[in-house]
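Trainee: Please take one part of this model and look at it closely with me. I would like to follow how its pieces meet.

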Amino acid sequence: KRVAESVWPAETRKWRPDLRCVSVSGDPRRRRDLWSKKADVYALGRDNMKDLTVELAARFPTIIIDESSGFKDYTTQRWKIAKPLTEGKPFVWELTGTPSPNGLLDLWAPTYLLDRGRRLGANITTYRSRYFTPQRSLPNGVIPGWDLKPGADARIHEAVEDIFLYMSSDDKITLPPVTYNRV
């Protein structure tokens, strides 16, 4: 919510002052009114994603999912809402600082939103069987954990290298010295 309400408008003004960004937030009536405003960028938080219907999304050639690590679980409502919104889009971008916070198993769902399963498999079952082995199976058939098959991490990275840009902070970013401001 904070990213949609303050970060996107501020960063748009800073980096692309030629673009108009509208933060679609507030009560339902206000949000409906904001969708009718003329803008180049409409920013909305995850909590208001349900407002972006497939019909409304058809107006936009590009969908950007910020903080996409929040879309790592294909069983969540937010992922299920995002799935039809990204379908058939010529441009889908995802931004995150942590693409697979709990390991490579978390990579399937956000990648699917980008490529509809072309790189990692059409469904989670295909992805798991291709790259993982079950740790064990409980008596009820539930598998509580998965281990990477030998060499699978390299194959996964290779499969997504053309659509992911990864930057490691240790070799790409030079930060100034820390300044402490004790208040």
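Mentor: Start with a term: a nonpolar core is a set of buried Ala, Val, Leu, Ile, Met, Phe, Trp, Tyr and Cys residues joined through side-chain atoms within 4.5 Å. Keep in mind that this is a predicted model. Its largest nonpolar core has 32 residues. Leu52, Trp108, Leu120, Tyr127, Tyr131 and Ile156 touch the most other members. Several elements each supply at least two residues of this core, including helix 4 and helix 5.

Now look at that pair of helices. Two packed helices are described by the angle between their axes and the distance between the axes. Helix 4 covers residues 77-86, and helix 5 covers residues 108-115. Their axes come within 8 Å and cross at roughly 20 degrees. Angles under 35 degrees count as roughly parallel, so helix 4 and helix 5 are roughly parallel to each other. The crossing of helix 4 past helix 5 is left-handed.

Which residues meet? From helix 4 come Trp79, Ala82, Lys83 and Thr86. They meet Trp108, Ala109, Pro110, Tyr112 and Leu113 of helix 5. By class, this contact has seven nonpolar residues, one polar and one charged.

Take one residue from each side. Trp108 touches Trp79, and beyond that Tyr74, Leu120, Gly121, Ala122, Asn123, Ile124 and Tyr127, leaving out residues up to four places away in sequence. Thr86 lies in helix 4. Thr86 counts as buried because its relative accessibility is 3%. Setting aside neighbours within four places in sequence, Thr86 contacts Leu113, along with Ile63, Ile65, Val92 and Arg116.

Technical notes
Residues numbered from 1 in each chain as written. Predicted model: local features only at pLDDT ≥ 70, side-chain atom pairs only at ≥ 80, totals over all residues. Heavy atoms only, no water. Axes fitted to C-alpha atoms, helices over the stretch in contact; angles between N-to-C directions. Helix = DSSP H or I, 4+ residues; strand = E, 2+ residues; numbered from the N terminus. Parallel < 35°, antiparallel > 145°, perpendicular 65-115°, else oblique. Left-handed = near helix turned anticlockwise from the far one by under 90°. Contact = heavy atoms within 4.5 Å. Nonpolar A, V, L, I, M, F, W, Y, C, P; charged D, E, K, R; others polar. Buried < 20%, exposed > 50% of the residue type's maximum accessible area, 1.4 Å probe, protein only.
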